Amino acid sequence: MVGFIQRIKDFITLDKEFIFVNGDIDRLGDKTYLKRAVIEKVLGYVSRTFSTAEIHFHRDGRHLSEGKFAEWERLLNAQPNRNQNASEFWKAAIYTLLFENELLVIITDDNQLLIAEDYFKESTAVYGTTFKNVIVNGYEFQRTFREEDVIYVTYNNEELCRLIDGLFEDYAELIDNLLNAVKRNNQIRGVINLNRTGSFADGEAQQQKIQNYIDSLYSSFRDKQVATVPNANGFQYEELSNKGTRAMQPYDDIDKARAALVDDIAEIIGVPPNLIHGEKLDLESNWKMYRNNCIHPLIKLITDELNVKLLSKKEYQKHIRIRVLNVASPDIFSMSEAIDKLVSSGLFTPNDLLIELGREPSEEEFMNQRYMTKNYQEAQKLERGEKVDEENQD
């Protein structure tokens, strides 16, 4: 199933022949450059957030760090393969998942985790899904990988495919028009009057002389701060650039159009645009939306797949779970007041909250007890108490 980010990739592949060489402004107008810049900005932001991930094995909130769990944590949190550390691996994995709409990680015989660049997926009702012709860093594996032996995650968003199809076309056309208008700012414009009966006669040789003369005029006006040209008999050049007033197309309009495109793509992924642009307006609320709408769904995808592929049925029944920690984690100090209320109201034990925060629960017995430090009373008891006080006063 091809996702909306895959459509962006298709556009990039199709537009590779449109490469300009006339400076930065032409490169900015190139559709390939525009799309890749937008993708790098949005997807790069999300993948960098996930590069801090730590994968832990837990049972009833307690960290398991022995036996096979210790080896898996070394692979997932230190060095998944010889060429990448954990931060580089998870950054590349999330980027691939968003850009390709799917992520395939194979496990080699020498216990390396490798992100597949290309492969052929074959699904059957009887034998399940297999992956053939898997390519990693230009090397093609000859073996066939079964789905139960790999980590495979899909990021499907079929409804947004059609939106992206038209989105880039609209913005590309808009930015192209703005670029053409900007290029006309301060453009040298002139007319040449030729006296066909003068020294410039007909004939290919004479026409070539005319062309050479026009080229020398253009080169002088373009390259020199002060330009003077000779006056030829039968040939008159009149510049129109400085005559009258013309509306200038501001270059900022292009930046605004590009920013609007970034905003649309960011909102589709679930990232508040203010975070992408580095704006601090409503930072806390935007960061919360980012965690809920973008990061948490990705964490859910990854943890579900890891729980299925790395844990046996017996281990899962023993309440062993994989948790992804340290990804866009909230600041616990800013939550101190809320934590105090949750404990003091008796709703949670201190250890309950430690587990929710991704931290190791304490062995102390008092950390497993509920506490009521607020003066909460039932309404009926409160009314009876007031009546008793009134009787005592009488």
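# A working chat about a predicted model

Visitor: Where does A37 lie?
Guide: A37 lies in helix α3, which covers residues 31-50. Keep in mind that the model is predicted.

Visitor: And is A37 buried, exposed or partly exposed?
Guide: Its relative accessibility is 25%, so A37 counts as partly exposed.

Visitor: How far apart are A37 and R258?
Guide: In sequence, 221 residues separate A37 and R258. In space, their C-alpha atoms are 9.5 Å apart.

Visitor: Let's step back. How many helices and strands does the chain have?
Guide: The secondary structure comes to 14 helices and 12 strands.

Visitor: What share of the residues is buried?
Guide: Of the 394 residues in the chain, 36% are buried. The chain exposes about 24400 Å², and 49% of that comes from carbon and sulfur atoms.

Visitor: What about contacts between residues at least 6 apart in sequence: what share join residues at least 24 apart?
Guide: The share is 64%.

Visitor: Which elements have the lowest and the highest mean pLDDT?
Guide: Helix α2, residues 24-29, has the lowest, at 43. Strand β4, residues 113-115, has the highest, at 96.

Visitor: Where does pLDDT stay under 50?
Guide: One such stretch is residues 7-29, for which the model has 41 contacts beyond four places in sequence. Residues 1-5 also stay under 50, and there the model has 20 such contacts.

Visitor: New topic, the inside. Which residues touch the most other members of the largest nonpolar core?
Guide: They are V46, F50, W90, I269, V271 and L298, in a core of 53 residues. Helix α5, residues 86-100, gives the most to this core, with 9 residues.

Visitor: What is in the second core?
Guide: The second core is separate and has 12 residues, including L114, A116, F141 and V150.

Visitor: Why would nonpolar side chains be found together like that?
Guide: As a general matter, nonpolar side chains in soluble globular proteins tend to be buried together.

Visitor: Back to helix α5. Is T96 buried or exposed?
Guide: T96, which is found in helix α5, has a relative accessible area of 17% and is buried, because the cut-off for buried is under 20%.

Visitor: What does T96 touch?
Guide: Leaving out residues up to four places away in sequence, T96 touches N101, E102, L103 and I115.

Visitor: And S51, where is that?
Guide: S51 is in the loop between α3 and β1, the latter being residues 54-59. S51 is buried, with a relative accessible area of 15%. Leaving out residues up to four places away in sequence, its contacts are S87, W90 and K91. W90 is also one of the residues that touch the most other members of the largest nonpolar core.

Visitor: Which residues of helix α4 are buried?
Guide: In helix α4, residues 68-77, the buried residues are F69, W72, E73, L75 and L76. Seen down the helix axis, they fall within an arc of 160°, so they line one face of α4.

Visitor: Why do residues three or four places apart point the same way?
Guide: An α-helix has 3.6 residues a turn, so residues at that spacing point the same way.

Visitor: Switching to rings. How many aromatic pairs are there?
Guide: A search of the whole structure finds 10 aromatic pairs. In one of them, F131 and Y152, the ring centres are 5.0 Å apart and the planes are at 50°, so the pair is tilted.

Visitor: Where do F131 and Y152 sit?
Guide: F131 is in strand β6, residues 128-136, and Y152 is in strand β9, residues 151-154. The two are 21 residues apart, and both are buried.

Visitor: Which residues form an aromatic cluster?
Guide: Y45, W287 and Y290 form one.

Visitor: Last one, phi. Which residue other than glycine has a positive value?
Guide: N111 is one, with phi near 60°. N111 is in the loop between β3 and β4, and is partly exposed at 43% relative accessible area. H319 is not a glycine either, and its phi is positive at about 70°. H319 is found in the loop between α11 and β12, and at 48% relative accessibility counts as partly exposed.

Definitions and conventions:
Residues are numbered from 1 along each chain as its sequence is written. This is a predicted model: local features need pLDDT of at least 70, side-chain atom pairs count only at pLDDT 80 or more; totals for chains, interfaces and linings use all residues. Side-chain values use heavy atoms; hydrogens and water are left out. A nonpolar core is a set of buried Ala, Val, Leu, Ile, Met, Phe, Trp, Tyr and Cys residues joined through side-chain atoms within 4.5 Å. Buried means under 20% relative accessible area, exposed over 50%, partly exposed in between (1.4 Å probe, protein chains only). Helices (H or I, at least four residues) and strands (E, at least two) are DSSP runs, numbered from the N terminus. Contact means heavy atoms within 4.5 Å. Accessible areas come from the Shrake-Rupley method with a 1.4 Å probe; for residues, only the protein chains shown count as cover. The arc is that of the directions from the helix axis to the C-beta atoms. pLDDT is the predictor's confidence in each residue, from 0 to 100. Rings of Phe, Tyr and Trp (its six-membered ring) pair if their centres lie within 6.5 Å; planes under 30 degrees apart count as stacked, over 60 as edge-to-face and the rest as tilted.
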